[in-house]
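Grab a pencil and open the viewer.

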Amino acid sequence: MSGVDAARSSFGMPRTPPGDPAGGSTEADGEEAALSPPLPPDAVVDPDEERRASNVDAILGRLDAELIGLEPVKTRIQEIAALLLVDRMRRRFGLVGQRPTLHMCFTGSPGTGKTTVAVRMAELLHGLGYLTRGHLVAVTRDDLVGQYVGHTAPKTKEVLKRAMGGVLFIDEAYYLYRVENERDYGQESIEILLQVMENQREDLVVILAGYKDRMDTFFSANPGMSSRIAHHIDFPDYAVDELAAIGELMLRDSGYELSPEARAVFTDYLRRRREQPRFANARSVRNALERSRLRHAKRVLASGRPLDREALVRLEPEDFLGSRVFADPEA
């Protein structure tokens, strides 16, 4: 029994039939078989054709369009994509080395695009043949850890079954380990995850996410987990101008726009809100715009006048000035 089949058997998963693409083998394995015999040494491969075949450029383009700023993050994703694309071309010549380790850690504040990048990463790895399905399963501690003896293992294994062939995204992963509670069941989940991350890495990528300082503490307490993470990507907080651009994009997608006066007030709102507690970057922008739409709706209905298109789509300063952010004397 192979290491993969042993792991599957221990988790109540069926053993992998020989050549079964839905089991332990991957599209990458299938590609290697389909592409054999390898190209002769004097042959050439076209990188542009490989990019088109794997849909790399389209996926990176969507990522760039969806996320304002985050240039260091986008650069790192492009580097990973380049590495895997070159690895794909090397396989054409029979240059099959050790499979790159693809487990990752995304650190940063809430609302900085970590989940969005994880979705695109799943698509990217699928297009390049490193994952058989390319879907994302996003979970937290509550989805993995049970409340009583014997409850954690089935929960964790069920999540792993759903994630096979794609990316398992564990948000606030440090909550899996509670050092202050020696009877906590999170360690059992961590041990199962570690085994799968090692033995089934050919068809599952795990991305851990959370605040950087807390993730550092988590890795210090769980060195086995740290050693399995190949890529650490930090997501910086957005600057005010980036938050404003995100807001404009959200409004455009919803069929709203800002008047010139409202644009200045909205930017001032973001500057104030960014310095206050519980600020969550793009999430806070979205929440602010939702509340501004509520005030807008109340305002236009209270006018008692017939409404043209402009009145229905344009937000004005008063739609933001009603926020408690402007009532805070310390803001």
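**Exercise 1: a strand and its neighbours**

C105 has L208 as its bridge partner in strand 4. This is a predicted model, where local features need pLDDT of at least 70, side-chain atom pairs count only at pLDDT 80 or more, and totals for chains, interfaces and linings use all residues. Residues are numbered from 1 along each chain as its sequence is written, and side-chain values use heavy atoms, with hydrogens and water left out.

Task: work out which strands pair with strand 1 (residues 104–108), and over how many bridges.

Solution. Start with the terms: strands are DSSP runs of E, at least two residues, numbered from the N terminus, and two of them pair if DSSP finds at least two bridges between them. Next, strand 4 (residues 205–210) runs parallel to strand 1, joined by 4 bridges. Then take strand 5, also parallel to strand 1, with 5 bridges. Here M104 sits opposite H231, and F106 faces I233.

**Exercise 2: covered or uncovered?**

Task: compare the faces of strand 1 and strand 5.

Solution. Buried means under 20% relative accessible area (1.4 Å probe, protein chains only). In strand 1, M104, F106 and G108 are buried on one side, C105 and T107 on the other. With 5 of the 5 residues buried, strand 1 is therefore largely enclosed by the rest of the structure. Strand 5 (residues 231–235) has H231, I233 and F235 on a covered face, but H232 and D234 on an uncovered one.

How values were computed. Buried < 20%, exposed > 50% of the residue type's maximum accessible area, 1.4 Å probe, protein only.
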